[in-house]
Amino acid sequence: MTSRLIYQDESMEIRVPTELEAPLHFDAIQSSMADISAWESWCSTGYSLEDSRTYLIDSYVKRQRGQEYRFCLFDLASGKIIGSIALNRIVPEYKTANIGYWIRSDFTGRSLAVTAVKAIARFAFNELGMTRLEIVAMEKNHRSCRVAEKSGAVKEGLHRNGLYFHGQPSNAWIYSLIPGDLA
């Protein structure tokens, strides 16, 4: 059985959210719509509470199957969801996965995403036996690239048409983390 809580300090915890926390998830996305939708196709003005509920149910199913591991960052003082981090695109035979993340707009600039990347990397290496994690960020997503760099990930290059966004290919920076990269 894998951990449901992967990080906790005096102000934040990173853990698996439940379906009952869909309103918190929805609120975080609604309050950050402009920032998230600039880089994530799934995030649009039509995003609903039911979408959050479906996402959380789907998270549980994919976790049980070992297909994805999704966590939320919770602010302990307010109880708000302040971000999300996930391992996806898992290839068990190669022991690789992708890391994706977003932080609620009113909580950015506090290195929360860096903390989350390090926490999920430890989880992936120590509990899942992964040997390589990738962070793929659109070429102009400087904030995400900065998170990758501050997390200790190695910038490997710009992949032409590395991502698909709103029906169009987009160049993407590829960063990698391997177990030895974490201090």
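Student: Why is Lys95 called partly exposed?

Tutor: Lys95 has a relative accessible area of 39%. Buried means under 20%, exposed means over 50%, and partly exposed lies in between (1.4 Å probe, protein chains only). Lys95 at 39% therefore counts as partly exposed. The structure is a predicted model, in which local features need pLDDT of at least 70, side-chain atom pairs count only at pLDDT 80 or more, and totals for chains, interfaces and linings use all residues. Residues are numbered from 1 along each chain as its sequence is written, and side-chain values use heavy atoms, with hydrogens and water left out.

Student: Which phi does His166 have, and where is His166 placed?

Tutor: His166, which is not a glycine, has a positive phi of about 50 degrees. His166 sits in the loop between β7 (154-165) and β8 (168-177).

Student: Why is Tyr60 called exposed?

Tutor: The relative accessible area of Tyr60 is 51%, so Tyr60 falls in the exposed class.

Student: How do you know that Cys72 and Cys145 are buried?

Tutor: Cys72 has 1% relative accessibility, so Cys72 counts as buried. Cys145, with a relative accessible area of 7%, is therefore buried.

Student: How many disulfides are there?

Tutor: A disulfide is a pair of cysteine sulfur atoms within 2.5 Å. By this rule the count is 0 disulfides.

Terms used. Helices (H or I, at least four residues) and strands (E, at least two) are DSSP runs, numbered from the N terminus.
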